Amino acid sequence: MVTTVTKEHDAPTVDATADRLPIDVESIHDGLAHALMLPLATTTREDINASVQQVLGHLNVLMAEELGYDSDADVRGLFRQAYALLDLSRRPDEETAVFEVFTYLGDTVRVAMRFLDKFEASLRAPAQGPT
C-alpha cells in the first residue's frame with residue numbers, strides 16, 4: 001500500500017507512526033461524557049454494552065501512551081485499576097444484571113477519564129530533553 005501526502009497539514013505529527021496515530025482527545029472526552037450521561041432507566045442493555053465497548057477502546061488507547069508509569073505512583077495506581085476492570089474473569093457478561101453492567105460502565109468511564117486527564121497533562125508538560 002502506497003500513501004502519499006498531498007498537503008503539509010495532512011502530514012502526521014512527529015509522534016505518529018504507521019501503527020500509532022495521534023489521539024483525538026475531544027472524541028474520547030465526548031464519548032466518555034456521553035457514557036456517563038446514559039440514564040439507566042431508559043437505556044437498553046444493547047446500548048449499555050455498546051458504550052462499554054467504546055469506553056474500553058478509549059481506555060486501551062490511553063493506556064498505550066507514555067504517562068510516566070515508572071515515575072508516578074498515581075499512574076501506577078491507575079494501571080492497577082484499569083487492569084482490574086479489563087480482567088476478563090471480572091468483566092460483565094450476558095448473565096450479568098443490567099445494573100451491574102451499568103455500574104461497571106461508570107467505573108470504567110471514571111478510570112478512563114483519569115487516564116485522559118493524565119494524558120492531557122502530559123501534552124501540556126514541557127518536553128523532557130536528554131539529561
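The expected span of a helix is taken here as 1.5 Å times one less than its number of residues, and helices are DSSP runs of H or I with at least four residues, numbered from the N terminus. Helix 3 has 14 residues and covers 20 Å from its first C-alpha to its last, which is close to the 20 Å expected at 1.5 Å a residue.

The structure is a predicted model, in which local features need pLDDT of at least 70 and side-chain atom pairs count only at pLDDT 80 or more, while totals for chains, interfaces and linings use all residues. Residues are numbered from 1 along each chain as its sequence is written, and side-chain values use heavy atoms, with hydrogens and water left out.

A nonpolar core is a set of buried Ala, Val, Leu, Ile, Met, Phe, Trp, Tyr and Cys residues joined through side-chain atoms within 4.5 Å. The largest such core holds 30 residues, of which L59, L105 and F115 touch the most other members. At least two residues of this core come from each of helix 1 (25–36), helix 2 (45–63), helix 3 (73–86) and helix 4 (98–124), and helix 4 gives the most, with 10 residues. When neighbours within four places in sequence are set aside, F115 is in contact with L59, L62, M63, L67, L78, F79 and A82.

**Charged side chains**

A salt bridge requires a side-chain nitrogen of Lys or Arg within 4 Å of a carboxyl oxygen of Asp or Glu, and by this rule the count comes to four. Three of them are listed below.

| Salt bridge | N to O distance |
|---|---|
| R114 and D74 | 2.9 Å |
| D74 and K118 | 3.2 Å |
| R110 and D107 | 3.5 Å |

R114 is partly exposed at 34% relative accessibility, as is D74 at 33% and K118 at 22%. D72, D74, R114 and K118 are linked in a network of salt bridges. R110 and D107, by contrast, both lie in helix 4, three residues apart, about one turn of the helix.

R45, found in helix 2, is buried yet has no salt bridge, and the nearest side chain of opposite charge, D93, is 5.8 Å away, with Lys and Arg counted as positive, Asp and Glu as negative, and His and the chain ends not counted. Not counting residues up to four places away in sequence, R45 touches D93, E94, T96, A97, V98 and V101.

Technical notes:
Buried means under 20% relative accessible area, exposed over 50%, partly exposed in between (1.4 Å probe, protein chains only). Contact means heavy atoms within 4.5 Å.
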